[in-house]
Amino acid sequence: MMNSRFFVPLSCVIIFSALVGIGFIIPQWAMFLATMALAKGLVALGIVILMRAGLVSFGQGLYFCIGAYVSGLMANWTGITDIILLSILGILVSVILATVCAKLLSGYRGIFFAMLTLSLSMILYGALSKMSMIGGTDGLNVSAPTFLGFAPEGRALGFSLYFYTCLVSVIAGGFIRVYFNSERGLTALAIRDNELRVEYLGSSVKSAISAGYIMAAAVGGLGGVIAGLAIGHVDPEYAYWTTSGEFVFVAILSGFFSITAVFASSIVLEIVRSFSNLYFPNTWQLVLGVFLLIVILLLPNGLGSLFNKLRRRGDSE
Amino acid sequence: MSTPEPPGGNPDDIVLQAKNLNKAFGAVTAAKDVNVAVPRGAVWSLIGSNGAGKTTFVNMVTGYLRPDSGTILFNDKNITGMEPRKITRLGISRSFQIPQLCAELTALDNMLVSLGSANEQASFFRSAHSADSVASATEMLERFRIVDYRHRTMAELPAGVRKLLDIAMAITGDPQVLLLDEPTSGVAAEEKYPLMDLVMEALEGANVTVMFVEHDMDIVARYSQRVLAFYDGQIIANDTPDHVMQDESVRRFVTGGAAATAGGASC
């Protein structure tokens with residue numbers, strides 16, 4: 001088996017090259033779909049971080065929305081359109097908010113944690129809906145992003161955004177894989193199994209959960225920035241509970257074994273939704289539900305467990 | 001009650017002290033005016049029938065329960081009501097009557113979790129499965145002779161191995177005081193001595209103060225230098241195993257009068 005020190009960066013390079021290569025051949029609508037899928041995959045990745053510690057957040061729409069509004073408001077108020085700067089700001093605001101929320105949330109488990117996260121995102125939804133100065137329920141338009149001074153248009157803009165999304169997704173995925181493999185990452189898995197034991201080993205469960213929640217917020221905010229810029233419009237629906245539900249859907253679909261599976265699941269969800277919306281416009285949710293049911297029945301630990309099985313088989317051969 | 005010179009450990013060097021501990025659960029008194037001073041390096045056992053207050057004492061010392069009143073001192077530092085992880089960090093570890101393992105993780109991963117937790121500088125970047133960490137975890141499993149089970153999850157481990165793994169995890173942080181809650185319960189009779197031998201062997205030279213809760217009087221007599229007998233939340237005897245077994249109230253309330261000498265009885 002390859003040394004894990006090289007495995008993560010090498011995997012990142014291969015996946016990034018493959019994604020960019022695909023970008024050259026797919027039509028623009030597919031590129032937009034992939035950009036959105038990767039952006040939402042980042043948010044779902046946050047839920048997976050928490051799932052590894054035995055928690056599910058039903059409110060990641062909060063950070064998705066924060067990131068999106070940061071991109072919209074900064075462009076409108078300050079004229080900042082550089083995607084890198086907006087990404088940093090989106091992550092920063094999300095992390096600051098998450099640090100405050102984590103103090104409250106880290107003491108709760110199970111359904112209480114899930115409902116509290118949901119309620120926080122719904123508070124933001126309600127607040128934004130009433131704030132007419134930033135568009136209220138209509139939201140606001142977002143200027144096209146620039147890339148270190150480069151201001152592409154048309155297909156070049158779509159490709160640049162896709163390229164950037166692939167890059168940050170691969171980097172974020174790589175870092176989170178390193179975290180999953182780390183001492184802290186293993187402790188999170190132990191918390192899922194036996195919180196009491198972890199406390200009696202001298203680790204703080206609350207701080208481990210807080211760290212996971214803050215990381216989840218960071219990737220959520222980043223996903224929101226990208227989604228806001230890709231769509232060119234942000235509105236309070238980003239924080240609505242059904243949006244958060246989509247991220248949970250992706251996380252359940254992928255399971256918590258593989259990071260690649262999270263993005264793959266997000267792409268699968270976008271494809272299933274787009275095509276079922278096209279062919280079954282009034283019943284696409286039904287198709288989606290049946291699809292999830294089949295995955296849960298056949299792969300109760302998500303698509304990631306399939307990847308893991310394949311990897312283990314490869315290792316044993 | 002007068003406390004005679006405790007054998008084992010240095011009586012002038014008290015590592016753990018409980019003063020006037022009281023704890024009640026509604027109408028049930030689990031600890032009543034418990035006073036004890038444990039010298040560094042001693043091996044003591046705690047005996048008593050179910051509900052006598054042994055585990056409550058362990059739970060109070062390790063921070064799982066907060067006493068209603070009284071003080072617990074560790075190296076003269078007041079640790080009363082402190083969080084379990086802080087007490088663990090100070091140097092008091094414990095194992096559990098029902099082994100508290102991470103069920104989905106392998107024995108090796110359980111050890112790696114405890115090694116990672118023992119390290120205050122546990123990293124977000126350093127691999128939990130680095131060659132050094134795996135070597136340390138494997139060495140610990142070897143010390144307890146359970147290395148052959150390293151790739152098995154909890155469900156696949158025999159009861160004795162679970163106990164040993166639970167204890168091995170407790171000692172990874174090099175504790176000064178180790179509390180073992182019924183280390184031989186649920187273990188086959190023929191495995192009890194080998195298990196205790198292994199534990200004592202693993203702790204040899206570490207100058208760890210050990211307190212273990214036990215029902216088997218043979219184990220108590222063989223491995224402990226001193227015995228605390230609990231009844232109805234109170235310590236009714238605090239002496240060497242031989243003296244405690246001869247004690248009238250211990251015979252009446254703990255051993256049921258079956259044992260005139262150490263050995264052969266269980267409470």
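This is a predicted model: local features need pLDDT of at least 70, side-chain atom pairs count only at pLDDT 80 or more; totals for chains, interfaces and linings use all residues.
Residues are numbered from 1 along each chain as its sequence is written, chains are lettered from A and ligands numbered from 1 in the order in which they are written, and side-chain values use heavy atoms, with hydrogens and water left out.

**Exercise 1. Describe the open sheet of 6 strands in chain B.**

Step 1. Helices (H or I, at least four residues) and strands (E, at least two) are DSSP runs, numbered from the N terminus. Two strands pair if DSSP finds at least two bridges between them.

Step 2. The strand order in chain B is E6-E7-E8-E3-E9-E10, and the pairing is mixed. Strand E6 (92–95) and strand E10 (234–239) of chain B form the edges, each pairing on one side only. On average, and with direction ignored, neighbouring strands of this sheet are turned by 20° against each other; axes are lines fitted to C-alpha atoms, for helices over the stretch in contact, and angles run from 0 to 180 degrees between N-to-C directions.

Step 3. Within the sheet, strand E3 (residues 43–47) and strand E8 (residues 209–213) of chain B are parallel and share 4 bridges. Val43(B) has Val210(B) in E8(B) as its bridge partner.

Step 4. Helix H1 (residues 54–61) of chain B touches E3, E6, strand E7 (177–181), E8 and strand E9 (226–231), and its direction makes about 130° with that of E3(B). Helix H5 (residues 159–170) of chain B touches E6 and E7, at about 170° to the direction of E6(B).

**Exercise 2. State which residues take a positive phi in the hairpins of E4(B) and E5(B) and of E9(B) and E10(B).**

Step 1. Strand E4 (residues 69–74) and strand E5 (residues 77–78) of chain B pair in the antiparallel sense over 2 bridges, and Phe74(B) is partnered by Lys77(B) in E5(B). This hairpin has 2 residues between the strands, and Asn75(B) takes a positive phi near 50°.

Step 2. E9(B) and E10(B) run antiparallel and are joined by 5 bridges; Tyr231(B) has Gln234(B) in E10(B) as its bridge partner. With 2 residues between these strands, Asp232(B) takes a positive phi near 55°.

**Exercise 3. Characterise the interface of chain B and chain A.**

Step 1. Contacts link 35 residues of chain B with 23 residues of chain A. The two chains bury about 2700 Å² between them, 60% of it on carbon and sulfur atoms; buried area is the accessible area (1.4 Å probe) that two parts lose on being put together, summed over both. Arg85(B), Ser117(B) and Phe124(B) lose the most area in chain B, together 24% of what that side buries.

Step 2. A salt bridge is a side-chain nitrogen of Lys or Arg within 4 Å of a carboxyl oxygen of Asp or Glu. The count between chain B and chain A is 2, and over all chains it comes to 15. Glu183(A) lies in helix H7 (residues 183–193) of chain A and Arg126(B) in the loop between H3 and helix H4 (131–143) of chain B, so the pair joins two chains. In this salt bridge the closest N and O atoms are 3.0 Å apart.

Conventions. Contact means heavy atoms within 4.5 Å. A polar contact is a pair of N or O atoms within 3.5 Å; within protein, one must be able to donate a hydrogen and the other to accept it, and residues adjacent in sequence count only if both atoms are side-chain atoms.
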